[in-house]
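Please look over the structure shown below. A short report on its main features comes after it.

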Amino acid sequence: MKITILGCGSSFGVPSLARGWGECDPENPKNQRTRASILLHRDDTTILIDTSPELRMQLLRAGNPNIDALIYTHAHFDHMAGSNDLLDCMIAQERVLPVYLSAETNRHFKDGLNYLFQRTSGTPEFESRIVIPYKAFSINQISILPILQYHGNTQSLGFRIGDFAYSTDVGDMDDTGFGALAGIKTWILGVPTNRPVSKHLNIDKALTWIERVKPERAYFTHMGSHMDYDALCRTLPPHVRPVFDGMDIDS
Ligand SMILES: [Zn+2]
C-alpha cells in the first residue's frame with residue numbers, strides 16, 4: 001500500500017494567520033503545511049481519509065486521482081471543510097461516494113452539509129456508512145479497523161489497515177486501543193506541538209506511545225508552527241520522522 005500525505009498541518013496550517021511561521025524555517029518548503037488529509041492506494045483502490053480545507057489543491061498536486069471511498073476521523077472543521085470539492089467529481093462521474101464515519105461525525109456532517117445527501121432530483125452524491133470502533137469494515141477487499149480515540153471533549157477514530165495505522169487528533173487512548181495497534185509496522189501520529197496540550201499528543205507523549213507500541217517506524221503529522229522539520233529530524237530517534245506535504249510512504 002502507498003500512503004500519500006496530502007497535508008500534514010495542524011488545524012491552522014503553517015504558516016498560520018496568527019503565528020506565521022513560528023519556530024519553522026520559512027526557507028524550507030517542508031515546513032509549508034496544509035491541513036491534514038491522506039490518500040491510501042492499494043491495487044486499483046484509492047481511499048481518502050479526511051477532506052482538508054485545501055483538498056482541491058492537494059488532490060490536483062497528487063495527480064487528481066479517482067477517489068473510491070472517503071473515511072472521516074472526526075467532525076472538526078479542519079478535517080471536513082473540503083468535502084464540497086468532491087461533489088464536482090461525483091456529479092461529473094454520476095456516481096455516489098461512500099463515506100465511512102462514526103454516527104456522531106455523521107450527525108455533524110449532515111447538519112452542515114445536508115445538501116450533499118439530499119438532491120432535489122436524482123440520487124445524492126454522498127452516502128454515509130456508519131462505522132463502529134473495533135468492528136472492521138472493507139472497501140474493495142481492503143480491511144479497515146476503526147480504533148476509538150479520545151480527543152478533548154470529543155472522540156475521534158484512528159484506523160488500522162494491515163500493519164499500518166493512522167492516529168491523528170488523539171490525546172488519549174485506552175488499553176483496547178493500544179491492543180488494536182499491536183504488531184503494526186508503520187504508524188502515523190498527529191503531533192501538533194512540543195508544548196503541553198491535552199486534546200492532542202505532544203512530542204514527549206507521542207514518543208512514550210511509540211515506545212509502547214513499538215512500530216518499526218513512526219511518523220508525525222498534524223504539525224503546527226513549533227515543529228520545524230529539520231529540528232525534528234535532528235532531535236527525534238532515527239525511526240521517528242516528521243512527514244511533509246506530498247510525501248509518499250510505502251507500507
Ligand atoms: Zn480535531
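## Basis

This is a predicted model, in which local features need pLDDT of at least 70 and side-chain atom pairs count only at pLDDT 80 or more, while totals for chains, interfaces and linings use all residues. Residues are numbered from 1 along each chain as its sequence is written, and side-chain values use heavy atoms, with hydrogens and water left out.

## Overall fold

The protein chain has seven helices and 14 strands. Both are DSSP runs, numbered from the N terminus: helices are H or I with at least four residues, strands are E with at least two. The C-alpha trace spans about 55 × 40 × 35 Å along its principal axes.

Of the 251 residues, 53% are buried. Buried means under 20% relative accessible area, exposed means over 50%, and partly exposed lies in between (1.4 Å probe, protein chains only). Among contacts with a separation of 6 or more, 61% come from residues 24 or more positions apart. A contact means heavy atoms within 4.5 Å.

## Zinc site

Four residues coordinate the zinc ion: H74 through NE2, H76 through ND1, H151 through NE2 and D169 through OD. The distances are 2.2 to 2.3 Å. Donors are N, O and S atoms within 2.8 Å of the metal (3.2 Å for Na, K and Ca); water is not among the atoms, so sites may look incomplete. In sequence the spacing reads H-x1-H-x74-H-x17-D.

The four donor atoms subtend angles of 90 to 174°, so the arrangement is irregular. Four donors are tetrahedral if all angles lie between 85 and 135 degrees; four are square planar and six octahedral if opposite donors are over 155 degrees apart and all others between 65 and 115; anything else is irregular. H74 is buried, at 1% relative accessibility. H76 is partly exposed, at 26%.

## Helix α6

Helix α6 runs over residues 203-213, and its buried residues are I203, A206, W209, I210 and V213. They lie on the same side of α6, because they cover an arc of only 125° around the axis. The arc is that of the directions from the helix axis to the C-beta atoms. D204, T208 and E211 are exposed on the other side.

The buried residues of α6 pack against α5 (175-180), β11 (186-190), β12 (217-221), α7 (229-235) and β13 (240-242). K214 follows α6 and has a positive phi, near 60°.

## Salt bridges

The whole structure holds eight salt bridges. Each is a side-chain nitrogen of Lys or Arg within 4 Å of a carboxyl oxygen of Asp or Glu. One of them joins R61 and D245, with the closest N and O atoms 3.6 Å apart. R61 lies in helix α1 (residues 55-61) and D245 in the loop between β13 and β14 (248-250), so the pair ties together parts 184 residues apart in sequence. R61 is exposed at 52%, whereas D245 is buried at 12%.

Helix α6 takes part as well. R212 forms a salt bridge with D175, at 3.0 Å between the closest N and O atoms. This pair links R212 in helix α6 to D175 in helix α5, 37 residues apart. R212 is partly exposed at 47%, and D175 is exposed at 58%. K214 forms a salt bridge with E211, at 3.4 Å between the closest N and O atoms. Both K214 and E211 are exposed.
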